[in-house]
Amino acid sequence: MTISFRVNGHPHEVDAKRGGDKLIDFLHEDLNLTGTKFCCGIGICRACTVSVKKGRNEAEEPVISCSTALATLDGTSITTVEGVSNGDQDLHPIQTEFLKNFAFQCGYCTPGFVMAAKILLDQLETSKVSKDQLDGMIEEAIGTHICRCTGYVRYFEAVRKTALDVLAAKEGGQG
Amino acid sequence: MSTKLKHFQTAILSRRRFLETASGAVALTVLSPSGMGQAQTADGTVPFTTETPGVATQRIDGLKKVTGQKVFARDHTFKDMKDWKGKPHYAMYLRALTTEKVFKGIDRRYLPPAAKKARIILGNELNASQRSPQIAIRRDLLVDERIEEEAKDQPKTRGFDRPYAVVFDLIVQPGNVPDFLGQAVALLIFDDLAEYREASRAMAFQDDDFQKYGDAAPPKDPVVFNPKTTYVKYDHGGVSFDYANANPYSYPLEADSYKALIADALDARPDLLRHDFACDMRAMDPMFMEPESGLAWHDVENKTLNLVLGTQSPDGDFSDIVSMYRSSDAPFKLDAVVLTTCYPGGGFGGRDGSPFSLMLALASAFTDGNPVQLMYDRYEQFRVGLKRHATDLTGQVAIAPDMKLQNIEMNMRFDGGGRKNLSPYVASLAALCAGGSYKTPMANIYAEAVHSENISGGSQRGFGGPQAFFAIETALDDVAAGQGWDPVALRRANLIGEGDTTVTGGPVQQELRLREMLDRAEAHPMWADREALRDEYAARGLTYGTGLAMSLQAYGTSGDGMVAAITMDETGKLTVKSDAVDMGNGSATTLGVVIGPILGANAVDVEMGDYTLFADTELTTRDKLGTRWDNPDWTSKGVGSSSACLTGLHQVHVVQQTALALLEGSIMPAARILWGMPDLQSSATAWVDGALVLRDGGADPLPQDVLAGAVFENGLPRGTLGHAYFQAIWAEADYDTPGGQIHLALDGLSFYMPGADKPTRVVRQNAFGPAAWTRRFARYVWAPCVNVVGLTVDRGTGAVQVENVLSVLNAGRVHVPALVSGQSQGGVAMAISYALHEDLPPGMAGPANGTWNLDRYHVARAADVPLNTGFRPDARSQELIILDETPADKGAGRGIAEAVMCSVAPAISNALHDAVGVRYSSLPITPEKILKGLRA
């Protein structure tokens with residue numbers, strides 16, 4: 001028996017005996033993908049957030065990799081921060097905006113914010129959302145992420161600006 | 001790719017120094033992980049700079065961090081250490097559960113199967129140098145003379161952070177009583193990752209099952225960590241006495257008699273208002289996001305210890321680790337240490353002198369030459385990581401009917417926890433901060449840090465300021481409320497300024513602008529319209545209050561040495577190297593851009609944490625003949641630990657002066673050759689679009705690559721290495737250079753010549769530097785801040801919500817505006833968090849029991865913090881007003897990383913008092929305390 005899933009597009013199979021292993025440990029130890037950060041280990045701080053797509057037609061969801069067992073990931077597609085850009089190249093707009101707005105300081109919580117914000121922005125691309133719904137959606141997406149350095153102000157500014165850009169682009173496209 | 005490889009190899013070659021030990025020299029090599037510094041993008045652009053020298057458009061470390069590349073110690077696995085050999089091992093420490101009973105050992109019968117396979121090392125298996133390494137006296141502390149005095153009174157052998165007459169072992173020996181909770185009682189070494197994981201899971205929260213304790217031990221005598229701090233100031237009736245100006249040797253005795261004179265003076269004034277106060281605060285966890293983690297490999301063949309660490313104090317950690325293996329009984333000798341320094345995932349002081357580095361190095365001795373990883377999880381980080389001290393403060397302010405302060409009395413007791421660490425020096429700075437932003441003719445301040453069974457306290461953001469400012473600022477507000485005085489007017493009547501003296505008697509020699517800051521705060525609608533705001537909230541059924549508090553946080557220590565190098569390649573691209581570590585505060589970014597206006601371009605690379613630089617200066621801190629600045633080899637201090645507040649002034653200064661040396665000593669001579677103008681002065685030139693031009697025209701511009709070509713062709717210096725020392729004033733000297741003699745505010749200068757790896761020293765001339773005795777001023781430079789907080793209180797639940805924050809800050813020159821406001825925003829959030837939420841009980845009710853994590857320790861979330869910037873009455877907001885720079889700043893920035901945070905907590909307490917009429921003086925002010933206060 002094996003558990004199969006994709007990480008950043010690459011297929012992986014692990015023995016079902018490892019079903020209890022946490023996703024973050026698999027990412028770090030098996031794949032040497034250490035962009036996903038371990039902080040509290042109990043799913044509170046959300047620094048370890050990755051994106052998981054359960055089926056071809058399903059939306060991406062934020063998943064706490066420190067508290068997610070491999071057994072629950074069979075058949076899924078996982079995206080980590082390493083899969084968002086091509087190294088230093090082809091940054092996602094939220095990564096660019098985090099940089100431009102000096103959104104983070106030590107940067108340890110940043111991959112978690114990147115993943116949660118990316119999922120939100122993807123959602124905005126595909127669903128009908130008005131501007132006055134935006135603040136609530138941002139709060140829902142990143143409001144429970146913990147950052148000790150920044151006081152959150154610049155993260156929220158960056159996500160809001162990028163989200164407004166998405167909405168504006170959609171309006172432009174419709175117009 | 002080739003750029004990165006070259007960078008890496010250069011680092012290996014150039015960053016090397018030696019530490020002399022009793023058993024010979026140990027070489028240190030400092031490496032940067034491949035992810036650090038600034039990589040260029042494929043098209044050769046450098047994304048963090050703009051065309052504008054001096055301006056940063058993003059963090060220099062930003063690209064690596066936002067894309068999840070390996071920059072932190074925890075990112076590094078054995079797979080990343082290509083040259084390491086052997087089988088990976090994993091270390092785990094078990095932690096003491098009591099300080100009242102004899103530790104008897106580990107009962108292996110009750111260990112889970114996976115742990116039974118581990119090698120178990122107890123304290124009695126360590127030899128003396130491992131058990132209690134003879135560490136160096138901490139180097140960057142307050143008043144060095146006092147430390148020297150203290151050292152004279154103590155045995156020459158000093159164990160690891162033990163107070164006098166108490167020995168603290170790294171691992172408790174069976175038969176002994178643990179010295180503090182969380183002290184290691186056993187080391188477990190696993191050679192299999194799966195077994196390590198399985199054992200970790202099975203053993204979590206089960207310590208009682210396998211740790212054996214015996215008889216109750218008699219209680220130990222209380223121990224105070226030396227040095228204690230007493231500041232007695234008496235300036236009354238024409239008699240003047242204070243710490244700074246007294247004879248250091250007779251001061252302790254004289255201070256007692258002046259305390260009596262203060263009491264007499266106060267008693268003689270029955271018209272004085274004498275207000276007693278008391279406050280306290282719980283310990284606080286720095287809660288940096290990356291739990292401490294590292295890799296170590298003792299390469300037996302090459303007698304080399306390889307380490308991967310993320311620390312604020314690589315220099316001190318290196319020295320401490322070497323001390324473990326330098327005595328005659330050391331299990332092995334080391335010829336070299338190779339330290340890979342990583343960006344710390346947050347610091348806030350919690351990685352300054354952290355015992356983690358030693359615990360990792362200790363583990364490496366028990367893996368038979370195999371590499372080992374030690375990685376704390378969050379429970380263990382809460383259990384053993386350095387804390388901000390729980391503190392009790394009592395005192396009295398005496399104020400005349402004209403609102404003038406007459407005396408500040410304060411007694412402060414810091415719970416230092418198990419290890420001494422930096423606790424007494426934190427207490428010492430708190431004693432200075434007890435004077436607040438005010439002048440007082442008399443003061444009687446005492447601060448001590450005591451040993452206890454609790455988790456060790458250390459150097460946390462604010463370094464004693466958060467405690468002391470809370471005490472004085474809430475006390476003044478109570479006086480104002482009690483007398484019906486305006487709290488701003490009371491403060492304004494007592495503001496300290498240039499020409500006044502602090503509670504140490506040390507002079508304020510810097511423009512502070514406190515009056516202007518108070519004026520700005522007072523005129524702001526948050527304060528001016530506070531009654532209208534109260535009414536508006538009341539109309540919505542909410543209880544609103546406004547509070548104001550000030551802080552005058554010093555930055556730097558009692559004497560700071562710092563070092564920097566700037567090198568240029570053949571194309572003119574610039575690299576900055578610094579001994580400082582960037583904890584996320586942005587110092588790497590700042591240091592990369594502040595050279596821009598001087599050298600015409602920002603750095604393309606900044607290498608931080610380079611502890612080898614000081615050795616390359618060839619300066620020494622030994623001064624046997626006492627000739628000080630007359631000895632061209634001498635400086636007062638090499639380098640110290642990294643603190644975010646040391647960037648704005650100190651690190652920027654040394655980088656800019658070193659850049660100036662490169663301009664005058666190398667680039668100008670090259671320009672003179674190229675232009676055929678042997679008498680050209682730099683004042684006749686300017687940088688325009690990355691090229692050097694004549695201000696009055698008449699010659700072709702010289703682009704960077706052309707200048708660099710001339711530098712290399714003519715054998716001119718390709719780089720400069722500078723050392724600076726600040727202690728109220730900068731050390732200065734003249735230096736002979738290829739461009740003629742120049743005067744710099746540096747006490748050491750070297751040139752990197754083309755083709756040479758090592759720099760060549762320029763012997764300084766006509767040096768002038770700070771006098772030794774000015775150390776007794778304690779601090780010299782200040783980052784003042786006024787905070788106004790508006791908040792609402794839910795009288796039903798006791799919940800408090802901070803609605804608005806105004807911060808008025810004197811930051812001097814702002815080098816990178818986004819970094820300064822980012823520090824301010826982070827400081828506001830941290831202060832809200834510890835003022836209202838963060839609560840660490842002492843003893844086994846707290847994190848020492850190993851069950852604490854973020855599910856019960858509430859760190860501020862976004863919802864706890866006003867997120868809008870710029871005051872808006874209709875939305876929760878925070879506004880930062882930074883005073884415009886004045887000529888008196890002389891282009892210098894101020895270290896503001898702690899400044900904003902320190903006065904937020906007292907402003908919250910003052911706002912609560914304004915809202916509900918109750919003084920909350922015990923932090924954190926939890927909903928339970930709010931409700932209790934409302935009921936009282």
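Helices (H or I, at least four residues) and strands (E, at least two) are DSSP runs, numbered from the N terminus. This is a predicted model, in which local features need pLDDT of at least 70 and side-chain atom pairs count only at pLDDT 80 or more, while totals for chains, interfaces and linings use all residues. Residues are numbered from 1 along each chain as its sequence is written, chains are lettered from A and ligands numbered from 1 in the order in which they are written, and side-chain values use heavy atoms, with hydrogens and water left out.

**View 1. A:Asp90 in a loop of chain A.** The loop between strand E5 (76-79) and H2 of chain A holds A:Asp90. The phi angle of A:Asp90 is near 50°, which is a positive value in a residue other than glycine. With a relative accessible area of 57%, A:Asp90 is exposed, where exposed stands for over 50% relative accessible area, buried for under 20% and partly exposed for what lies in between (1.4 Å probe, protein chains only).

**View 2. B:Phe463 in a loop of chain B.** B:Phe463 is found in the loop between strand E17 (442-451) and helix H13 (465-483) of chain B, and B:Phe463 also has a positive phi, of about 50°, although it is not a glycine. Is B:Phe463 buried or exposed? B:Phe463 is buried, since its relative accessible area is 16%.

**View 3. Helix H4 of chain A.** Helix H4 spans residues 131-142 of chain A, and its 12 residues reach 17 Å from the first C-alpha to the last, close to the 16 Å expected at 1.5 Å a residue (the expected span is 1.5 Å times one less than the number of residues). Buried in H4(A) are A:Leu134, A:Met137, A:Ile138, A:Ala141 and A:Ile142. They lie on the same side of H4(A) because they cover an arc of only 105° around the axis, the arc being that of the directions from the helix axis to the C-beta atoms. The face turned away from this buried side carries the exposed residues A:Asp132 and A:Glu140.

**View 4. The interface of chain A and chain B.** Chain A gives 49 residues to the contact and chain B gives 67 residues, where contact means heavy atoms within 4.5 Å. About 4600 Å² is buried between the two chains, with carbon and sulfur atoms giving 59% of it; buried area is the accessible area (1.4 Å probe) that two parts lose on being put together, summed over both. Across this interface the rule finds five salt bridges, each a side-chain nitrogen of Lys or Arg within 4 Å of a carboxyl oxygen of Asp or Glu. The side chains of B:Arg197 and A:Glu29 meet in a salt bridge at 2.1 Å, N to O.

**View 5. B:Leu552 in strand E18 of chain B.** B:Leu552 is found in strand E18 (residues 543-554) of chain B, and is buried with a relative accessible area of 4%. Leaving aside neighbours within four places in sequence, the residues in contact with B:Leu552 include B:Phe469, B:Ile496 and B:Trp782. The C-alpha atoms of B:Leu552 and B:Ser903 are separated by 8.8 Å, although these residues are 351 residues apart along the chain.

**View 6. Two cis peptide bonds of chain B.** A cis peptide bond joins B:Asn226 and B:Pro227, with omega about -5°, and B:Pro227 has its place in strand E8 (residues 224-236) of chain B. A cis peptide bond also joins B:Leu923 and B:Pro924, with omega about 0°, and B:Pro924 is found in the loop between strand E36 (922-923) and helix H26 (927-935) of chain B.
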